Amino acid sequence: MRTIAEARERLAIASCHLADLLAWPAVAHHPATPGLERLAVEVVDLAADVLLGVALLIGRETDAANERDAA
């Protein structure tokens with residue numbers, strides 16, 4: 001099972017690879033590239049939002065469990 005830190009690192013690597021791919025000359029001059037760039041940004045943003053949401057949920061559940069244990 002991957003950790004949150006590993007998922008964050010994989011997201012960073014994937015976004016770098018997307019940027020490199022879209023900057024590649026054969027792709028950069030293709031007429032569809034602006035649409036692909038927008039799609040890539042939306043995909044990375046969505047993945048980052050999901051990762052952040054999961055991290056916040058884990059934090060909230062951990063805090064709740066700690067409060068129950070302290071009571």
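Biologist: In which helix is Leu51 found?

Modeller: Leu51 is found in helix H3, helices being DSSP runs (H or I) of at least four residues, numbered from the N terminus. This is a predicted model, in which local features need pLDDT of at least 70, side-chain atom pairs count only at pLDDT 80 or more, and totals for chains, interfaces and linings use all residues. Residues are numbered from 1 along each chain as its sequence is written, and side-chain values use heavy atoms, with hydrogens and water left out.

Biologist: Why does Leu51 count as buried?

Modeller: Buried means under 20% relative accessible area, exposed over 50% and partly exposed in between, with a 1.4 Å probe and protein chains only. Leu51 has 17% relative accessibility and therefore counts as buried.

Biologist: What makes Ile4 partly exposed?

Modeller: Its relative accessible area is 33%, so Ile4 is partly exposed. Ile4 lies in helix H1 (residues 4–23).

Biologist: Which residues is Leu51 in contact with, leaving aside its neighbours within four places in sequence?

Modeller: With contact meaning heavy atoms within 4.5 Å, they are Ile4, Ala7, Arg8 and Leu11. The C-alpha atoms of Leu51 and Ile4 are separated by 7.6 Å, although the two residues are 47 residues apart along the chain.

Biologist: Why are H1 and H3 called roughly antiparallel?

Modeller: Their packing angle is about 175°, with the axes 11 Å apart. Axes are lines fitted to C-alpha atoms, for helices over the stretch in contact, and angles run from 0 to 180 degrees between N-to-C directions. Angles under 35 degrees count as roughly parallel, over 145 as roughly antiparallel, 65 to 115 as roughly perpendicular and the rest as oblique. H1 and H3 are therefore roughly antiparallel to each other.

Definitions and conventions
Helix = DSSP H or I, 4+ residues; strand = E, 2+ residues; numbered from the N terminus.
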